[in-house]
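Dear colleague,

I am handing over the structure below, and I would be glad if you could look through it alongside these notes.

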Amino acid sequence: MHIPHPQLYPARLRHLRPTQMTVGYAEVAAKQAEWRALHKGQRKHFLHNHWLPAVRGPKSEFYIVDHHHLGRALLDQGVEDCHVILLRDFSPLAPEEFWLQMEHAQWVHPYDAKGRRRPVDALPRTLEGLADDPYRSLAGEVRHAGGFPKDATPFAEFLWADFFRRRIAAGVLRKSPRQALEQALVLCHAPEAAHLPGWSGVFPAPPATPAARA
């Protein structure tokens, strides 16, 4: 017998509040294709088993803190209803206190498609307002290609996106996505990426000292 989770709530996708400014549209498109490949029974099962993690904020609105790509993909495919899993209830807080708590918990990422930090009031009010960040799509492709593993660090792939943004020209990414992916797969193993979540590169061995060569 199915026992409902006590913190599981029905929600309308179009009413959910994002906690980031961008997604990778290429990754959204991939999730849309996966959804279209499911038949009716599979779609029902999928929705019953894919919950969007959320925090209840001012005016009791749900702010999702992950799975923005999935939410946007479902919304674009005409899905209206979903379930959110409530992580915390911050609804009694004033907006300023709410955002302080969200920052402290690393549940908000107010950076635009150029990697610039913006005020939280610039966050889109709906999933439909999420802008495209091609470097976020690139980071997702690199992860799927084995460049780095999925990591629990909040907004991990945005950290990788910003790393690639500073090293791969936008023109290369736009005109030659394959070349950009190849460059990124090399960069993700470089020592300069060692601070990033999931880094799996290997530092080169230091040169041998004269004594060691003797």
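What follows covers the sheet and then the salt bridges.

This is a predicted model, in which local features need pLDDT of at least 70 and side-chain atom pairs count only at pLDDT 80 or more, while totals for chains, interfaces and linings use all residues. Residues are numbered from 1 along each chain as its sequence is written, and side-chain values use heavy atoms, with hydrogens and water left out.

Four strands form an open sheet in the order β1-β5-β3-β4, with mixed pairing; strands are DSSP runs of E with at least two residues, helices are runs of H or I with at least four, both numbered from the N terminus, and two strands pair if DSSP finds at least two bridges between them. Because β1 (8–12) and β4 (62–64) stand at the edges with a single partner strand each, one side of each is left without a neighbour in the sheet. β1 and β5 (residues 81–89) are antiparallel over five bridges, with Ala11 partnered by Cys82, whereas β3 and β5 run parallel, also joined by five bridges.

The structure holds 14 salt bridges, each a side-chain nitrogen of Lys or Arg within 4 Å of a carboxyl oxygen of Asp or Glu. One of them joins Arg143 and Glu157 (2.3 Å, N to O); Arg143 lies in helix α5 and Glu157 in helix α6, so the pair ties together parts that are 14 residues apart in sequence. Arg143 is buried at 18% relative accessibility, as is Glu157 at 9%, where buried means under 20% relative accessible area, exposed over 50% and partly exposed in between (1.4 Å probe, protein chains only).

Best regards
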